[in-house]
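Q: I am new to this one, so please take me through it slowly, one topic at a time.

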Amino acid sequence: MLDLKNVSVSYGDYPALIDVSLTLQAGLIGCLIGPSGCGKSTLLRTIAGFERPVNGEVWLDGRRVSSVAHCVPPEQRRVGMVFQDLALFPHLSVAENIGFGLQDWRRGDRDRRVAELLDLVGLRDLARSFPHALSGGQQQRVAIARAMAPRPKLLMLDEPFSSLDPELREQLPRELRRIFREDGITALLVTHDQTEAFAMADQIGVMRDGRIEQSGSAYRLYHRPETRFVADFIGEGVMIPGTVLDDRRVETELGILEGWLPEVCRPGMLVDILLRPDDVIHDDDSPFKARIVDRAFRGAHFLYTVALDSGRRVLCLAVSHHDHKLGEDIGIRPELDHLVAFPQSL
Amino acid sequence: MLLVAAVLGLPVVTVVVYAFYGADGVWSHLAGTVLPTYVYNSLLLSLGVGAGTLVIGTGTAWLTVMCDFPGRRLMTWLLLLPLSMPAYIIAYTYTGMLDFAGPVQSTLRAWFGWGYGDYFFPEIRSLPGAAVMLTLVLYPYVYLLSRAAFLEQSVCALDVGRTMGLSPWQVFRRIALPLARPAIVTGLSLVLMETLADYGTVKYFGVSTFTTGIFRTWFGMGEPAAAAQLAAVLLGAVVLLILLERWSRRQRQYHHTSGRYQPLSAYRLSLGRGYLALLACVSPVVLGFALPALQLLSWSADTMAEQLGRGFPQLVFHSLLLAALTSILALGLALLLAYGRRLRGTTAVRAAVGTAGLGYAIPGTVIAVGVILPFAWLDNTIDAWARAHLGVSTGLILSGTLVALVFAYLVRFLAVSLQTVESGLAKIAISLDETARSLGANPTRTLRTVHMPIMRGSLLTAVLLVFVDVMKELPATLILRPFDFNTLAVRAFELASDEQLAAAAPSALAIAIAGLAPVILLSRSIARSRPGQGANA
């Protein structure tokens, strides 16, 4: 459905996107994630046709819509967009907002489509209300219904949940996922919050400084990060240094860790190993002791920050009845089924 | 768009070009004789008006914002009323009231039994008199801007001053004034631009300044080139003012303190002081509006019947026609320029829009000179061509018709509607445009179905402001109007110049009434921004 080929975009001399390639299959939900200023909104705007690439091409549903030489104007792309500030038209009612993109439809068809969407987002009773009278979550749903109305080939959402209160942020993503599934919508959203990305997306692209560092499923990004940045940005965890012994063993201060290593790691090489909190088990019989320096109760788990003898800190996830005090020494044991290692020289 | 901006910039370019390639002989003659007088008078006038408006404007603004006294709320908008009076109108009204046969001197003579020459009475038709007149009608600019600045100031900054034991006067002088300085400078530069542009008042009072000089050089001495050179000098002064204003506006961002709006806690004044404050606020309104308006009313009552018979309806029609034509055209152009800039904000477009917006600062006389020179040339060219090829004389199809006049108005007042439209547009988030575009609306439809309905208020304001400005405009109308084409402003000025003060009153009154409309509009928007009431919205 969506295909980006080596797209670069610049604002003056500043490169906002560098050589970005990306594909999204029809019916899937994609998500771009990254720190602010990484170019993820620019990428959406480029796909929508508001920015022109200085290099590369954007293909949409088998048609080339952006290239250096030619750009199809946004109004002819059939790409729906939901902006961060929602951008509801204040002078139009909810129904009129949703119907805005249906000007060329026959009146009966238009009314039917608007009614259908009102039902889909559960706002039938508010059809005649004006945006200022709606709550944040309702406004959000109007904006999404409005973007969906003309049956766009691709629906894009820029930080769709950032203006909502925490409770809605939990609930809306799931609701939207259901709505998108039911309507068979291909969607691409931008966020800097990984829980949102995990909740919605089939495919996630991690962006940094105008490039896509890695893209894939949430599981893959979490367990097989290809760069330090992705390892750091997705999920929690720390790096501990170690020395490669052979192609599947690394010696660290928590003993010898075993698992598959990337090919670049040669015996004798100094590497950093990613330890996720769930890779470190609380085990009183373990020979490795560490002191608790911070603890956070998470309901089902405790997340302990513990200091090793070297002073290095690692995270340890323990079931919640293992209640230990700050300053207490506990036994920990690494348990990894694969290794994520980055050579220190890189 | 670039074309529009270029055409609108034509008068200014003409004036500058003439200034460099004009007739040198006349210029050196002027420089040796009258130029020093013009410079001296214009400077002195600016100084006087500047000081006067500064004191009255900031003083009343501070009183109405920070002090609690009887009638404060009413004064907030009453203080704007003098804005509706063109300076030349109150100038001749005061002349009528204060001259030897006028009501003031007659009363004094009756009370004290004086006769002619027994006493000293200041001559109103003088440079100080002109300064007072201009001050009385221009101080609202400073009042408006400094008031807005005082309101914007964080309560915290002022309250900190109070907790540190500063007296109200010290808070004003050491905190509020410095914080509001950029806004005050902006107000002051507006005042000075108006002062430099004034023709009616100084002409009527016989004070020789640049504007009257331009008229005399052109029509008295028949030297358009020299007039254009004078205009160029005046233009230089205005450019300086614009730079000053820009500079102070740039400073403004550094002057913003925390953006929290709370109701300002006003100083409670004792009863006596409260009435003093009220008096201080009432006097400029009485002097700048109430007295002249009453005088005009009483004169009008005497002469209305007679004037109505003498083509008065036609004057009204002419004024309304010009005002309506210009304000609608200006709105169209402003929409084109402002929306074009929004769609495609390249440097060239931005510069073009910026130039188009400069016209307001340029005195009407300068614009008139800059319009008539190229138009006359164009007319002669067309005429010569038509004679040579068609054997007919086309005459003056541009410079002698309303085209030239409306064009000059557009050059001068486009800035007003442009600014209003731009600030209206700026309040609409760009994501609304982009949403409409992504929903399949092209830019034109977006403008029509999204922007125009949302900023209907701004569009109305833009039309109204230009409308009234055109009604009041005098010097460009005097120069560019077609032969025998009179407007209210022209008639009022001509009759007054012929010492038929009472006969001029109905026209003057009509202009002042029209001038009330934007003042009411302003006062309504001010009422909405009262401290603590929706200031955040």
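This is a predicted model: local features need pLDDT of at least 70, side-chain atom pairs count only at pLDDT 80 or more; totals for chains, interfaces and linings use all residues.

Q: OK, and what does A:Arg113 form a salt bridge with?
A: The partner is A:Asp183, with the closest N and O atoms 4.0 Å apart; a salt bridge here is a side-chain nitrogen of Lys or Arg within 4 Å of a carboxyl oxygen of Asp or Glu. This pair links distant parts of the chain, since A:Arg113 sits in helix 3 (residues 107-120) of chain A and A:Asp183 in helix 5 (residues 166-183) of chain A, 70 residues apart. Helices (H or I, at least four residues) and strands (E, at least two) are DSSP runs, numbered from the N terminus.

Q: Which residues do salt bridges that share partners join into one network?
A: That network holds A:Arg113, A:Glu116, A:Arg151 and A:Asp183. Over all chains, a search of the whole structure finds 29 salt bridges. Among them is the one between A:Arg333 and A:Glu335, whose closest N and O atoms are 3.3 Å apart; A:Arg333 is partly exposed at 31% relative accessibility, and A:Glu335 is partly exposed at 44%.

Q: What about chain B, which residue forms a salt bridge with B:Arg341?
A: That is B:Glu422, and the closest N and O atoms are 3.2 Å apart. B:Arg341 belongs to helix 14 (residues 312-343) of chain B and B:Glu422 to helix 17 (residues 402-426) of chain B, so the pair ties together parts that are 81 residues apart in sequence.

Q: Changing topic, how many residues of chain A are in contact with chain B?
A: There are 20 residues of chain A in contact with 18 residues of chain B, where contact means heavy atoms within 4.5 Å. The area buried between the two chains is about 1600 Å², of which carbon and sulfur atoms give 63%; buried area is the accessible area (1.4 Å probe) that two parts lose on being put together, summed over both. In chain A, the residues that lose the most area to chain B are A:Glu75, A:His91 and A:Phe100, together 36% of what that side buries.

Q: And how many salt bridges does the rule find across the interface of chain A and chain B?
A: The rule finds 2 salt bridges there, one of them between B:Arg437 and A:Glu75, with the closest N and O atoms 2.6 Å apart. Strand 6 (79-82) and helix 4 (136-148) of chain A each supply at least two residues of the side that touches chain B.

Q: Back to chain A on its own, how is it divided?
A: Chain A has domain 1 (2-230) and domain 2 (237-343), with bounds that come from an automatic or database domain assignment. The C-alpha centres of domain 1 of chain A and domain 2 of chain A lie 38 Å apart, and the contact takes 8 residues from domain 1 and 10 residues from domain 2.

Q: What area is buried between domain 1 of chain A and domain 2 of chain A?
A: That area is about 780 Å², of which carbon and sulfur atoms give 48%. A:Tyr222, A:His223 and A:Arg228 supply 66% of the area that domain 1 buries against domain 2, more than any other three residues. The rule finds 1 salt bridge across this interface, and A:Arg228 forms a salt bridge with A:Asp272, the closest N and O atoms being 3.0 Å apart.

Q: Last one, how many helices and strands does chain A come to?
A: The secondary structure of chain A comes to 8 helices and 20 strands, and 50% of its 346 residues count as buried. Along its principal axes, the C-alpha trace of chain A spans about 75 × 50 × 35 Å.

Notes:
Residues are numbered from 1 along each chain as its sequence is written. Chains are lettered from A and ligands numbered from 1 in the order in which they are written. Side-chain values use heavy atoms; hydrogens and water are left out. Buried means under 20% relative accessible area, exposed over 50%, partly exposed in between (1.4 Å probe, protein chains only).
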